[in-house]
Amino acid sequence: MKRSAILIAVALIALAGCKSKHPVSIEVEPEFNPGEYSTILVLPTISTITRGEDPKRDSERIPNRVLWELVSERYDFKFLSPEQFKMVVAKAQLGDRSEEFKEKWSREHVVDLDLCRAVKKELNVDLMLVTVVYLWHKDETDYREAAAASATQVGMTLSLIDPNNGHVLWDATDENYKESVRSEGDRVQSSSAGIDRRISGTSMSGSDIYAAPPFDDVVVLVLEALVGAIPERSSY
């Protein structure tokens, strides 16, 4: 009996050790001291997902909303919204530079210093928070396949940039997913005409419980891990 209890305990510890780490990776510059900074400007989300894959640009809209909700819950830094960034860009007539900034950052992880300094001059921010979405995918399985589950995947990177010199002081990446309810083996019934029909699988709200979960649900998982990993000023 004791031996069984020990084996169970070991198995539980092993399973805990196998759990995915979130965020997946974090890189911090040795000289970065959060206590030296107080104001962070949140830039609009940059999505590398093509318009063919995401015509409504949900990969920009949803992370923008969720990120602002999460950073607004932190009181160690003062966060300025993406709207304030857009206002500065419009005022300085830097719209073209803003698009170049997005493309260059998503491709090379390099900032446009002129744009950074223009924003710094206008808003006097200490840091800029840049978000990139690089994974945005739904895998819808065939509902007739037994024990199958559809899934939604999201991958994002958050970076803190010094607008004075363009240096990346802190950088974190995370990926996560969420599965639908797994299908049962008898979810397909044959009608009298011999045509397969789907067994009802709708929730109280009318959504399909076997379809891939909403992107919102996975974005929350990813951004909670990333925003939670931003070093606190009080801890330094």
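Which helices each supply at least two residues of the lining of the largest pocket? They are α2 (58-71), α3 (82-91) and α4 (95-108), and the views below take a look around them. This is a predicted model, where local features need pLDDT of at least 70, side-chain atom pairs count only at pLDDT 80 or more, and totals for chains, interfaces and linings use all residues. Residues are numbered from 1 along each chain as its sequence is written, and side-chain values use heavy atoms, with hydrogens and water left out.

**View 1. The whole protein, to get your bearings.** There are six helices and nine strands here; helices (H or I, at least four residues) and strands (E, at least two) are DSSP runs, numbered from the N terminus. Of the 236 residues, 40% count as buried, where buried means under 20% relative accessible area, exposed over 50%, and partly exposed in between (1.4 Å probe, protein chains only). Take the contacts with a separation of 6 or more: 74% of them come from residues 24 or more positions apart. Contact means heavy atoms within 4.5 Å.

View 2. Rolling a probe the size of a water molecule over the atoms shows where empty space is left. On a 1 Å grid over the protein atoms alone, a pocket is an open set of points with protein on both sides within 12 Å along at least five of seven lines, a cavity is a set of points where a 1.4 Å probe fits but cannot get out, and lining residues have an atom within 4 Å of a point. The largest pocket has a volume of about 150 Å³; grid points are joined across faces, edges and corners, and a volume is the space filled by probe spheres set on the points. Its lining includes Pro-44, Glu-60, Asn-64, Lys-86, Glu-99 and Lys-102. Sorted by type, the lining gives three nonpolar, three polar and four charged residues. For that sorting, Ala, Val, Leu, Ile, Met, Phe, Trp, Tyr, Cys and Pro count as nonpolar, Asp, Glu, Lys and Arg as charged, and the others, Gly among them, as polar.

**View 3. The largest cavity.** Search the whole structure and you find one cavity of 30 Å³ or more. The volume of the largest cavity is about 30 Å³. Leu-43, Pro-44, Ile-46, Phe-85, Ser-98, Phe-101 and Lys-102 line it, and α4 gives the largest share, three residues. Five of the lining residues are nonpolar, one is polar and one is charged. Ser-98, which sits in α4, is buried, with a relative accessible area of 9%. Setting aside residues up to four places away in sequence, Ser-98 touches Phe-85, Val-89 and Leu-115.

**View 4. Helix α2 and its buried face.** The buried residues of α2 include Ile-62, Val-66, Leu-67 and Leu-70. Seen down the helix axis, the buried residues of α2 fall within an arc of 155°, so they line one face of the helix; the arc is that of the directions from the helix axis to the C-beta atoms. Among the elements covering them are β2 (39-42), β5 (127-139) and α6 (215-229). In the loop between β3 and α2 you will find Arg-57, which is not a glycine but has a positive phi of about 55°. Arg-57 is buried, with a relative accessible area of 10%.

View 5. Pro-82, Phe-85, Val-88 and Val-89 are the buried residues of α3. Their arc around the axis is only 120°, which puts them on the same side of α3. Over on the other side, Met-87, Ala-90 and Lys-91 are exposed. The cover over the buried residues of α3 includes α2, α4 and α5 (113-123). Just after α3 comes Gln-93, with a positive phi of about 55°.

**View 6. Val-130 in strand β5.** Val-130 belongs to β5 and counts as buried, at 0% relative accessibility. Its C-alpha atom is separated by 6.5 Å from that of Leu-160, 30 residues apart along the chain. Beyond neighbours within four places in sequence, the contacts of Val-130 include Leu-43, Ile-46, Phe-101 and Trp-105.

**View 7. A cis peptide bond.** From His-22 to Pro-23 the peptide bond is cis, with omega near -5°. Pro-23 lies in the loop between α1 (2-18) and β1 (25-28).
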